[in-house]
Amino acid sequence: MLEISGLVSGYGRISILHGIDLRVEKGELVALVGVNGAGKTTLMKTIAGLIRPTAGRIAFEGSEIAGEGAERAVAAGIALVPEGRMVFPRMTVWENLMLGGVHPRARPYREATLERIFDLFPRLAERRDQKAATMSGGEQQMLVIGRGLMAQPKLLILDEPSLGLSPLLVQETYGALRKLNADGLTILLAEQNVKLSLAVSNRGYVIENGKIVLTGASSDLARDPATRKAYLGRL
Amino acid sequence: MHDSRLLSSTTLPWIAFLAVALAPLAMSSSWTNMAILTLLFVHLCIAWNLVGGIAGQFCIGHSLFLAAGAYTSTLLSIHLGITPWIGMFAGAALAALIGVFIAWLSFRYELPPLSFALVTIALAMLGYLAISSIDFLGASRGLTLPVRGTPAMYQFRSDTTYYVVILIQVIIALALSMWLYHTKIGLYLRAVRDNERAAHAIGVPVLKYKMLAMAISAALTAFGGTFYAQYLQYVEPHTFAGINIVIQIILLTVVGGTGTVWGPVVGPMLLVPAGEWLRHSLGGSLPGVHLLVFGVLLVVVIRFAPDGLIGAFGRARQAWRFRRGATEVVTR
Amino acid sequence: MSAEVLLQATVQGLQMGAIYALIALSMTLIFSVGGLLNFAHGDFMALAMYGALALYQSFALDAYAAAPLLFFGFFLLGFLMFRRLVQPVLAAGVLAGAQLTLGLVFVQENFLLMVFGGDYLSVPTVLSNKNLVIPPLTMPWPLLVGSLLAVVLAAILYVVLMRTDFGRQVRAITQNSDAAALMGIRIDRVQAIAFGIGIGLLGLTGAIIVAQFTLTPAMGLDFTLIALIVMVIGGLGSFAGSMIAGAIIGVSESLGSLLYGGTVGAMIPYAILVLVLLFRPHGLMGEH
């Protein structure tokens, strides 16, 4: 579904990613793990069209989307749930969700998707008319995941969804992701939380200094001494 | 190597500036008026740029300083017979005081950049409205300076003398601006412009330097005000206290390049003569047409070089060097 | 001074206030597009007033009938101007944008001076010089109609911004443009349309209040300054705030000039602005 090869990207003249190869098949839940600053966010933003890559290809369902902009990525069926939540603070939960489905491709299904999201996150239904800025971090995280789903994505990309959440809320969030994946949604997940993300995913990539250094089935990666030493040891 | 580069980056522009600035002395007297006007704007732009460019405070209140200079020296001359040579310093002191107050106000109340612009515009309008209604200040009719005709009273028979006076003022202002830019003060001011909080955090005394920049800028502007009043021999609110002249000063600086040493010199030196030329060649045909063309010219420059001609020149030079470097590699 | 005169001045001030609020709201709309402070705001409205004059002189078209025409014309002008001129400059920073609009002040004032000359002009309309008398009040019809239309237009703008997808997109861009891009919102296009609507509203406003004013090429700057004042005092982007601020400025200006003369009346709005910026920097109704 998503096929990335030789991707070089960064900010201005500074390259952060130095030739990334990565693929996600339909129906998979793929984890991208690495420490802070390894290039996870840059990769996510480049896929979502917020950053124009300097070299390499990003093919989504066979068509090239590298450097075509965020609007093109959304139209193709990619939704990014960004790091740090980025809600629209002075708008209500309902307005935030409506904006998630404002793209012409998603607009006709908004009401139906809204019902599904309220089923998945009942808390959002309760807070429907509350301003996003007044909600807790966990509620905001649910909101941005819901907002991403409103775009009717074929591929949902999440950047650090567990950051700053209490263990209980992390469990809840990951439970929701697992459920979405079981219902057929393809998910690419970038995480510092290696243990947890490898536990829920089918396959994983380890990124270090802008390069993929290790890849394989998540269960193998979790057992791999190199991964364990580099990342799991810290947890 | 280092010295020669220093020579080319500071001395060459000076030589070029003086060559152009002195040229009108060799030309017929009909050019003198235009040259005086041009240098007056160079002077005012250099002064504004200290605050609006180098310190990055978008101040629209400089009409207050211009008026302080013009009205103080004029009133002292009319009522007490004090020569404007002394009056100009009284005007500059008053302007500096107002400037320091504005800087303190904006710092004390932590005004964000655009609010600062709005406060200064509001103060400028209050000043303009006040001056136009106070009889002692001549209200909207203005004041005419008594004819005394002696250099001791800052009055000259020949325009050339006025020209020399403003040229000396410009040289002083330019040297001052250059010195400020390259010393610790300029460094601090630019740090404040780029990130006030960070500057404060690393120990830059932000308020002190903002007040200093404002005081110097205001005083220089006031000197320009006294000069302009003496040159025109009258003062009135629209010319000396209206915000139109501030808009002109800002635009001329922007075209040259805000925040640079030579931007406020280049902008007026190119555009004031261009404006005067347009007035001569088009002014008779339709009212306002020369100013319209002038305005379009300004907008076009801002559109294609938002960082001004100095910035565009720098980019072009860099691109040229880069290309030359690339060909060298290829030929090797 | 009799109570009738004070009442008369207050009502007139409120009516002017409604018009000020509408001008300030279109300025807020433009400001919400990438933070552009439009110093040429009033000049666009002056341009529209002269446009109404030209339409009257050429086609005997009444200003009120010309209003929709001026809206669409100015919408188009704003849309194209944003694409070709404002957006590229705004990319270099909000200060460059503000400086560009200072240049536009110059261009528009002198364009009007060139085409129409510097004399005071007025545009005759069906309502000109007619008064509605409800003792003890005497209200000029142009001002009454202009202020009522201003309230209606402001309400429509409010509904568009708060209750439509387009309005939500505009607000989303203001609140977090990166996140807005992630929603697949075409930021450039939404901004150009919003800018077009802001300028279009000025075209409309100019037409519906032209009967109340005497035209001069330099009239725009005063409106710009009043709009800035109302926008800031009302708290950027607050609809109710702009309405209240418009009323405060309109009434204080009107009562001030009645009680203390025209100059003091004109000074009051600026004094209020300075005080509000210092003591309530986010306006009377501003958020955060």
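This is a predicted model: local features need pLDDT of at least 70, side-chain atom pairs count only at pLDDT 80 or more; totals for chains, interfaces and linings use all residues.
Local features need pLDDT of at least 70, side-chain atom pairs count only at pLDDT 80 or more, and totals for chains, interfaces and linings use all residues. Residues are numbered from 1 along each chain as its sequence is written, chains are lettered from A and ligands numbered from 1 in the order in which they are written, and side-chain values use heavy atoms, with hydrogens and water left out.

Start with chains A and C. Here 23 residues of chain A are in contact with 19 residues of chain C. Contact means heavy atoms within 4.5 Å. The two chains bury about 1,900 Å² between them. Buried area is the accessible area (1.4 Å probe) that two parts lose on being put together, summed over both. Carbon and sulfur atoms give 62% of this area. Three residues stand out on chain A: A:Phe88, A:Arg90 and A:Leu99. They supply 29% of what chain A buries against chain C, more than any other three residues.

Now look at the charges. Chains A and C share 3 salt bridges. A salt bridge puts a side-chain nitrogen of Lys or Arg within 4 Å of a carboxyl oxygen of Asp or Glu. One salt bridge joins the side chains of A:Arg110 and C:Asp165, at 2.5 Å from N to O.

Which helices of chain A give two or more residues to the side that touches chain C? They are H2 (70–76) and H3 (93–100). Helices are DSSP runs of H or I with at least four residues, numbered from the N terminus. H3(A) gives the most, with 5 residues. By class, this side of chain A has 15 nonpolar, 2 polar and 6 charged residues. Ala, Val, Leu, Ile, Met, Phe, Trp, Tyr, Cys and Pro count as nonpolar, Asp, Glu, Lys and Arg as charged, and the others, Gly among them, as polar.

Move on to chains C and B. In this interface, 38 residues of chain C are in contact with 37 residues of chain B. The buried area is about 3,600 Å², and 86% of it lies on carbon and sulfur atoms. The rule finds 0 salt bridges here. Four helices of chain C each supply at least two residues to the side that touches chain B: H3 (63–90), H4 (94–116), H9 (220–234) and H11 (262–279). H4(C) has the largest share, 15 residues. This side of chain C divides into 31 nonpolar, 5 polar and 2 charged residues.
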